[in-house]
Amino acid sequence: MAKAGHAWSRPAAEQGEAEEDEDPLDAMIARSGCLEQHRQLQECMAERRDWRHCQEQLRAFGACMAQRQQQQQ
């Protein structure tokens, strides 16, 4: 399965060039330790195309990121 990344957040003209570089947001999420929760959220969004149907994944990702942020403080 191809990595989805965050191409949706960039203009179409930049997507081809940016695909070759590592997405800074993906790198930050990987360092956070919440990559699996993020992957599940992305998969839900790709399948459902409506964030309202992905609340469970969204909450899990948000909780993971909040926990990591607290640990760093």
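Reply: Happy to. A nonpolar core here is a set of buried Ala, Val, Leu, Ile, Met, Phe, Trp, Tyr and Cys residues joined through side-chain atoms within 4.5 Å, and buried means under 20% relative accessible area. Please keep in mind that this is a predicted model.

With that in hand, let us look at the core itself. The largest nonpolar core has seven residues, namely I29, C34, L41, C44, C54, F61 and C64. Helices α3 and α4 are the elements that give two or more residues to this core.

The protein chain has four helices and zero strands, and its elements run α-α-α-α from the N terminus on. Of its 73 residues, 26% count as buried. Among contacts with a separation of 6 or more, 37% are between residues 24 or more positions apart.

Now for the cysteines on the core list. The structure holds two disulfides. One of them is formed by C34 and C64, with their sulfur atoms 2.0 Å apart. The torsion about this S-S bond is about -90°, so the disulfide of C34 and C64 is left-handed. C34 sits in the loop between α2 (24-32) and α3 (35-48), while C64 belongs to helix α4 (residues 55-72), so the pair ties together parts that are 30 residues apart in sequence. Both C34 and C64 are buried.

Another disulfide joins C44 to C54, again with an S to S distance of 2.0 Å. The link of C44 and C54 is left-handed, with -90° about the S-S bond. This pair connects distant parts of the chain: C44 is in helix α3 and C54 is in the loop between α3 and α4, 10 residues apart. C44 has a relative accessible area of 9%, so this residue counts as buried. For C54 the relative accessible area is 0%, so C54 is buried too. If you count the bonded cysteines along the chain, the disulfides follow the pattern 1-4, 2-3.

What is C44 in contact with, leaving aside its neighbours within four places in sequence? The list is R49, H53, C54 and Q57. R49 takes us to the loop between α3 and α4. Its relative accessible area is 73%, so R49 is exposed. There is a backbone detail to notice as well: most residues other than glycine have a negative phi. The phi of R49, however, is near 55°, a positive value in a residue other than glycine.

A search of the whole structure finds three salt bridges. E36 forms one with R39, where the closest N and O atoms are 2.3 Å apart. Both E36 and R39 lie in helix α3, three residues apart, about one turn of the helix. E43 also forms a salt bridge with R39, and here too the closest N and O atoms are 2.3 Å apart. E43 and R39 are four residues apart in helix α3, so about one helical turn separates them. Together, E36, R39 and E43 are linked in a network of salt bridges.

How accessible are the members of that network? E36 has a relative accessible area of 39% and is partly exposed. R39, at 34%, is partly exposed, and E43 is partly exposed at 32%.

The remaining salt bridge is formed by R52 with D50, the closest N and O atoms being 2.8 Å apart. R52 is exposed, with a relative accessible area of 57%, whereas D50 counts as buried at 17% relative accessibility.

At 36% relative accessibility, L58 counts as partly exposed.

Key
Residues are numbered from 1 along each chain as its sequence is written. This is a predicted model: local features need pLDDT of at least 70, side-chain atom pairs count only at pLDDT 80 or more; totals for chains, interfaces and linings use all residues. Side-chain values use heavy atoms; hydrogens and water are left out. A disulfide is a pair of cysteine sulfur atoms within 2.5 Å. Buried means under 20% relative accessible area, exposed over 50%, partly exposed in between (1.4 Å probe, protein chains only). Contact means heavy atoms within 4.5 Å. A salt bridge is a side-chain nitrogen of Lys or Arg within 4 Å of a carboxyl oxygen of Asp or Glu.
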